[in-house]
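Let's take a friendly walk through a protein model. Have a look at the picture first, and then we will go through its parts together.

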Amino acid sequence: MKTILITGANGQLGRALTVLFEKKNDVELYLTDVVSEGAIHALDITNEHDVHELVQRVTPYAIINCAALTNVDGCEKELDLAYRINAIGPRNLAIAAKETGAKLVHISTDYVFSGDGNEPYTEFDAPAPKSAYGKTKLEGERFVQQLAERYFIIRTAWLYGDGKNFVKTMLRLSETRDEVSVVCDQIGSPTSTRVLADIIDTLIWTENYGLYHGTCEGICSWADFTEEIFRLAGKSTKVNHITSKQYSEMNPAAADRPAYSVLDNYMLKQKLNYVCDDWKTAIAEYMNNIPE
Ligand SMILES: NC(=O)c1ccc[n+]([C@@H]2O[C@H](COP(=O)([O-])OP(=O)(O)OC[C@H]3O[C@@H](n4cnc5c(N)ncnc54)[C@H](OP(=O)(O)O)[C@@H]3O)[C@@H](O)[C@H]2O)c1
């Protein structure tokens, strides 16, 4: 029996991993989040002492860090909190993982890149984040690389699953609106938590440590993505394509986001011959069974 410790277990990815690993007879889950709820124990990853104490006690086979401050605009306003959760939290986990010999899976983001190019980014491209969220997540990656030994860093993008996300927001808006305005000049790869959980389940049992990009195949804009969501949901809501400039005029507090943050899953393909589902397949699967 192998124990897997999940942080941020009540978030979108944490829930998808819980569903996946609960089906396995040889895995015991130790679920944690900043607030305890049901089977989830309290663990604030920013608290070095608590992280150390818990990891020493549980001695997990692997720690999967799903905890983060994911509100991109919120990170601009709460930079200190963002550094504590997105950078110092992973630092604490990296130290504890090294002390106990646990593997560490840490999740990062396409927003570590500037998005100023027009070619997919591989793991070899230099990050240059524009937003506070991207900057703090990049520092989290760096701490993990510096302080952990047996780690997997997986950069993902445009994540949706069981929790608050873009898909649900658009579906909610379509209930009351005949049209929605959505940005058409930011290009990326929407990725379901089911797809990302499967990547983690593939890597975690191997010794193929290092940095990975893990997103669905294929690319689209947020506006294209919204049109596909409405098509699958049978909604007639019109999608007005707007530019990022128009969006930020309407929402002055919005963080600067990369225009082209497509990730090439180069290392997954090279090391594991692993190819992810296309984003259209993944969103169709999700829309067939949307979590409440
Ligand atoms: N969502 C995306 O579009 C996206 C895109 C690219 C990469 N990612 C990355 O993917 C990972 C998973 O994202 P997600 O969408 O599943 O995130 P999420 O749904 O926002 O879940 C994050 C969880 O972490 C918890 N948390 C916050 N501060 C904590 C702390 N100090 N200690 C312990 N737990 C804490 C949150 O609790 P509260 O809700 O109570 O704060 C929440 O339950 C993150 O690393 C994120 O940066 C996400």
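Which helices and strands each supply at least two residues of the shell around the ligand? They are helix H1 (12–22), helix H4 (79–100) and strand S5 (103–109). Helices (H or I, at least four residues) and strands (E, at least two) are DSSP runs, numbered from the N terminus. This is a predicted model, in which local features need pLDDT of at least 70, side-chain atom pairs count only at pLDDT 80 or more, and totals for chains, interfaces and linings use all residues. Residues are numbered from 1 along each chain as its sequence is written.

Around the ligand there are 26 residues, and Gly-8, Gly-11, Gln-12, Ala-67 and Ala-68 come nearest. Near means that the C-beta atom, placed from the backbone, lies within 6 Å.

Now for the sheet. It is open, with seven strands in the order S3-S2-S1-S4-S5-S6-S11 and parallel pairing; strands pair if DSSP finds at least two bridges between them. Strand S3 (41–42) and strand S11 (210–213) are at the edges with a single partner strand each, so one side of each has no neighbour in the sheet. S6 and S11 run parallel, joined by four bridges.

Angles run from 0 to 180 degrees between N-to-C directions of axes, which are lines fitted to C-alpha atoms, for helices over the stretch in contact.

| Helix | Strands touched | Angle |
|---|---|---|
| H1 | S1, S2, S4, S5 | about 160° with S2 |
| H7 (193–203) | S4, S5, S6, S11 | about 160° with S6 |

Technical notes. Two residues are in contact if their C-beta atoms, placed from the backbone, lie within 7 Å.
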